[in-house]
Amino acid sequence: MKIISLQLEIFIIIIIGYIFSRKGIITKEVRKKLTDIVIVLILPCAIIKSFMMKLTPEIIRDTVIIFIVSFVIQLSYSVFNRIFYNRFDDSKVIILKYATIVSNAGFMGLSIVESIYGQTGLLYASIALIPQIIFMWSAGLSLFTQTDSKNMIKKVAFHPCIIAVYIGIALMIIESIGIILPTFMLNTINAIGGCTTALSMLIIGAILNDVKWSELVEKSSLYYSSIRLLIIPITIFICLSLCQMNSLVIGVSVLLAAMPAGSTAAMLAQKYNQDVIYASKIIVVSTILSLVTLPMISILVKGG
């Protein structure tokens with residue numbers, strides 16, 4: 001099955017990242033630089049690539065629908081946060097709530113959705129990513145510090161992935177009226193965007209080296225992973241199926257909702273003097289377990 005093959009590819013690249021980190025080839029400084037490259041250049045190129053198709057009424061309708069669906073899903077995470085994490089101490093609650101709001105939909109999600117649903121799926125996933133970016137810099141950041149509305153709006157509006165959406169929409173419009181970019185520009189964008197999976201998974205593999213394996217698994221990280229990887233996507237699948245959404249909207253929305261904790265949980269924990277070790281644990285544990293749960297969720301959405 002395609003998703004199994006993809007997960008095996010991802011697993012191998014993660015292991016390579018882990019080995020490179022153990023050998024000192026990918027140091028923490030190198031990892032930070034690679035993360036910057038992915039966020040500022042590679043992910044935006046992948047997003048721009050996803051918009052390279054003619055605009056049709058169906059695409060306009062479905063992208064509007066998936067944006068609304070994604071926004072509602074992000075709002076629903078506040079409900080999950082109120083229900084599931086009340087019994088944990090404050091230092092863990094901050095990390096758990098943030099990691100529920102902000103998954104690895106950008107790094108891992110775009111790659112997996114593209115591999116299963118192709119360019120149209122990647123386009124829908126790029127649109128679905130916008131609400132997560134908005135919530136990451138608002139509700140997510142507010143868990144660690146007081147958010148300034150002016151700075152929050154600026155960070156959202158000028159986030160590289162959002163800028164890529166602006167560019168992608170413009171390119172889609174001009175392609176729809178018969179203007180096409182030169183081949184060398186298209187090939188350059190495709191080549192850079194094609195690095196998304198490899199570099200993203202190398203970074204995730206390098207993160208694995210931050211945590212002692214003997215201390216990796218604890219009840220709360222397994223509890224979080226069951227919510228993030230199974231309860232949330234299955235709940236969303238049931239709700240969207242009951243609303244009779246089209247299969248592509250359901251598939252993209254559910255797969256993005258089934259992603260493990262985002263790596264920014266550890267970055268913000270370190271920046272704001274929170275429990276960075278615990279943040280790393282839930283990133284690592286949920287990422288490893290996602291290698292098992294994502295094929296299951298994929299079978300669910302493809303079968304549904």
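A: A residue is called buried under 20% relative accessible area, exposed over 50% and partly exposed in between, with a 1.4 Å probe and protein chains only. Helices (H or I, at least four residues) and strands (E, at least two) are DSSP runs, numbered from the N terminus. In α10 the buried residues are Ser220, Ser221, Tyr224, Ser225, Ile227, Arg228, Leu229, Ile232, Pro233, Ile236, Phe237 and Leu240. The model is predicted, so local features need pLDDT of at least 70 and side-chain atom pairs count only at pLDDT 80 or more, while totals for chains, interfaces and linings use all residues. Residues are numbered from 1 along each chain as its sequence is written, and side-chain values use heavy atoms, with hydrogens and water left out.

Q: How many helices and strands does the secondary structure of the chain come to?

A: The chain has 13 helices and 0 strands. Its radius of gyration, taken over C-alpha atoms, is compared with the globule rule, 2.2 Å times the number of residues to the power 0.38. The chain has a value of 18 Å, close to the 19 Å that the rule gives for 304 residues, so it is as compact as a globular protein of that length. Along the principal axes, the C-alpha atoms fill a box of roughly 60 × 45 × 45 Å. Buried residues make up 52% of the 304 residues.

Q: What do contacts say about residues apart in sequence?

A: Contact means heavy atoms within 4.5 Å. Among contacts between residues at least 6 apart in sequence, 85% join residues at least 24 apart.

Q: Which residues touch the most other members of the largest nonpolar core?

A: A nonpolar core is a set of buried Ala, Val, Leu, Ile, Met, Phe, Trp, Tyr and Cys residues joined through side-chain atoms within 4.5 Å. The largest one here has 102 residues, and Tyr77, Ile112, Tyr117, Ile236, Val252 and Leu255 touch the most other members. Helix α5 (residues 105-142) gives the most to this core, with 20 residues. Leaving out residues up to four places away in sequence, Tyr77 touches Thr100, Ile101, Arg228, Ile232, Ile236 and Ala257.

Q: What span should helix α10 have, and where does α10 bend?

A: In α10 a bend of about 35° falls at Ile227.

Q: What is the phi of Gln244, and where is the place of Gln244?

A: Most residues other than glycine have a negative phi. Gln244 has a positive phi, near 55°, in a residue other than glycine. Gln244 sits in the loop between α10 and α11 (247-257). Gln244 is exposed, with a relative accessible area of 71%.

Q: How many disulfides does the count come to?

A: A disulfide is a pair of cysteine sulfur atoms within 2.5 Å. By this rule the count is 0. For Cys195, the nearest cysteine sulfur is that of Cys45, 9.1 Å away. Cys195 is partly exposed, at 34% relative accessible area, and lies in the loop between α8 (183-193) and α9 (196-208). For Cys243, the nearest cysteine sulfur is that of Cys239, 6.9 Å away.

Conventions: Bend = angle between axes of the 7 residues up to and from the residue.
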